[in-house]
Amino acid sequence: MPNMRSDKNPMPEQCPNVRNKNFLEVTTGYTEEMAVDEAKRCLNCKTRPCMQGCPVSVKIPEFIAYIAEGEFEKAYQKIKETNALPAVCGRVCPQEKQCESKCVRGIKQESVGIGRLERFVADWHMKNVEDKIEVPEPNGKKVAVVGSGPSGLTVAGDLAKRGYKVTVFEAFHTAGGVLMYGIPEFRLPKDIVQKEIDNLRAMGVDIQTDVIIGKTIMVDELLDEMGYDAVYIGSGAGLPSFMGLEGESLNGVYSANEFLTRINLMKGYKFPEYDTPVYVGKNVAVLGGGNVAMDAARSAKRLGAENVYIVYRRGKEELPARAEEVHHAEEEGIIFKLLQNPTKFIGNEDGWVTQMEVIHMELGEPDASGRRRPVPVEGSEEVLDIDTVVVAIGQTPNPLIRKTTKGLDTNSHGCIIADEETGKTSKEHVYAGGDVVTGAATVILAMGAGKAAAEAIDKELNA
Amino acid sequence: MAYKIVKKKVLNPQIFLMEVEAPLIAKKAEPGQFIILRIDEYGERVPFTIADFDREKGTVTIIVQIVGKTTKDLAEVEEGAALLDFAGPLGMPTPLEGLKKVAVIGGGLGTAIAYPQAKKLHSLGADVTVITGFRNKDLIILEDELKAVSNKLIVATDDGSNGNQGFVTDMLKKEIESGERYDEVIAIGPLVMMKFVCKLTEQYDIPTTVSMNPVMIDGTGMCGGCRVTVGGETKFACVDGPDFDGHKIDWDSAMKRGRMFADYEKRSCEEGHCRIGRTNKEDQKYA
C-alpha cells in the first residue's frame, strides 16, 4: 500500500533568520527515514508520466522504488544511467515545471518530492560509497569541448566513457561554468560540483583552465592543427544584458554576472581573506524575476544589506524563478516589488547611484511568449532610495566564438544554430548545445543537449 | 595551471617587469591586448596590458606599477616562481596598419604599454615620435628601448630634473606647433593625462586612440564591470576595447567608475590576505 500522506515530507532547512546571514546550504536534506517515507508516496504508475517531464528521462519510478526498499545505492545507480549530475539536478532543477508537474499524486494533492529524493540518493552515495572510476580503453579519437558548464561536462563524461580522449577548455581559472560562478554556495555547495569534476579528471578527461577559445586558441585550430576529430561548443550565455537606462554606468550598478562572480567564483563573501571585494549597500534593488535575480537578492541579504528588493515588471504568477527559490527568498525577508519597472538611475556628485525611478505596470494582452504583456501605467512613477543595483534581466551568448569561427551560423540573438536532436551546427565536425544554442535556460536542458550531442558525435566518428 | 616567471627586473622603485612563460598567449599576442592574472587561490583577477612578447621563447612580458594589494603582492613573487593563472590575449589589438606618422604618448607606467605600439609601428615603417612623461628623472623607464623604435624620443619630467620640464601635453603641443603633422596620436597613461591629450588633439583635429584599463573580472565580456561610455554608447573595454576613440570617451564617468572599489582596496592592503613568507604551493594546499 502506498503512503497516502497528502503533502510532501517537508525539507529540513536552516531557519530563515539564521540562514540569511550565512552562506551555508539552505536545505539540509532528507534523513533516510524521511526519504523512505516520501518514496512510499509514489504510486509507481505504469504510464510513468513523470519521466516525460524529465529532459534526460531519469527512470524515476524505478529509482524511487529502490529508495522505498532502502536500496539507496541501487537507486543512485539507476539515476546515473541517464543523469551524470544527480546531486546538482536534485538541487537546481525546476521540478515543479518538469517531473513533478506530471506526477499523478500532484493532481489533487502535492506531487511526490522527486527532486528531494534525487538529491537524497546523490548525497547518500557521496557520503557512503567511494566511487570506483574506471578508465575506459582508448578508442584513438580526440574531441575538444569548449566550456566546462553542465553541458560541456555531460559531453565530456559521456564521450570519455566510450574511450574518447576528451579535452575541456575553460576560460576561467576554475572548471564548472555557471555551477561555479553563478549559483551561490547556499544553493549548490561548490564541493559537490568539484567532486563531479574530479571524477571526470580521474576518468582521463583533460581540463585546461585559462584557455579562451576564440582568443587563446581558435575553433579552426582545434580541428586543423591540433588533431581534434570533433568540437563541442557549450560556452553558455555569459554576456549580460543591460536595460540601456540613464545612469546605468553609475557606481553601485552591477550586472548579475559581475555581482555573483565576485561572490561565488572569487569568494568575495570572504573578503578581506580573499582579495576580491564586493560592494553591497544598505538598500539593494535587484532587477528581474528569474533564478539569477533570486540568487543575487539572497546573496545581497547575506552580505548585510538591510532592504533588498526584487523589482519585476510582471506579477508573482509570472516570476520565472523556481517556486522554491521565490519561497525561500520571501522567507529570508526579500521584498518583492512586482508590476514595477525601472526607468532611470539617479546618482550623486561622486558618481554613485542613490535613487532609482520606477513606473508601475499592469498586465495587458498576452504577448508572443503567451505571458500577459506588462504595460506602464501613465503618471505612476515613483522614486526609491537605493545604493546598489543588480541587473538580472538575462544573458546572451558570448560573441567571441561566433566572431572568430567561419562557417558557424548563428541567429539574430547571437545563439549558435544547432540541430535539436544532434547538436550538429552548420560547420563540419562542430556541435553545440546548452545556453549558447537556446539562450539562457536551465542546467538540465543543457545537460540533455550535451547527452544528445555526445551520442551524435560518437555516431559520426564511429561511422 | 602554473605560469613560471622567467625574468623579473626592477625598472624603478615603483615599477617592475615580469617575463612569464605562456606559449599559447605569446603565439597570438598583438600590441594593445592584455592578459588577466591571478597570483594564487586568494588573489583577484587583475588585467595587465601586454608590454612585450616573444613568440619563439613563448613568453609574455608585463610591466607592473605598485599601486594596491595585488601589485604589492606581485612584487613579492620572485623570478623562478610561478603565477597560478595567466589568461589571454584579451581585447582587440590596436589597429596600426597604414599609419605613416604617429605620436605615441606614454605617461608613467603607460610608457610600458606604449612601447609595443611604438615597436610595431616602427617595424611597419611608420615615422614614430614617442613622448613620455614622469614625475622625476629617477622614475624614467624604457628610455633605451624606446629610442631604438622611434624616430624621435622626448622624455619630460614634471619637476624638470632630467633637464626637460613639462607635461606630455606641453611637449606634444610644441611638436604640433613647430609644424609636425601626425596622422594619429596614441595616448596611454593615467585617465587625467589621456583626457588632456585628447582635449589638445581635438583642437588640431588629430585622431586620437586611448587605452582604457578599468576594473574587470573575466576579461571576456562576461561581467560588464569594465563599462565605458563612448560616444553616448556603453562599451565593454575588455572585448570592444581596450582602445577607443579618445575624443568620444566620457572621461568624467570613467574617472568616477575608477574609484568604485577604492575603499576596499585600502582595506585589502591593511587587513587582507598576507602572502609574505608563503609560497603558492602552500596556498593551494589550503584551497
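Residues are numbered from 1 along each chain as written, and chains are lettered from A in the order written. In this prediction, local features need pLDDT of at least 70 and side-chain atom pairs pLDDT 80 or more, with side-chain values taken on heavy atoms.

**Stop 1: two helices**

Select residues 32-39 and 114-128 of chain A, helices α2 and α7 (DSSP runs of H or I, at least four residues; strands are E, at least two). Their axes lie 10 Å apart, at an angle of about 140 degrees (lines fitted to C-alpha atoms over the stretch in contact; angles run from 0 to 180 degrees between N-to-C directions).

Now show the side chains. The contact (heavy atoms within 4.5 Å) is made by Glu32(A), Ala35(A), Glu38(A) and Ala39(A) of α2(A), and by Leu117(A), Phe120(A) and Trp124(A) of α7(A).

**Stop 2: the sheet**

Next, select the open sheet of 5 strands in chain A, ordered β3-β2-β1-β4-β16 with parallel pairing (two strands pair if DSSP finds at least two bridges between them). Strands β3 (206-208) and β16 (430-432) of chain A each have a single partner strand, so one side of each has no neighbour in the sheet. From one strand to the next, the twist averages 20 degrees.

Zoom in on β4 (residues 230-233) of chain A, which 3 bridges join to β16(A). Ile233(A) has Ala432(A) as its bridge partner there.

**Stop 3: a helix on the sheet**
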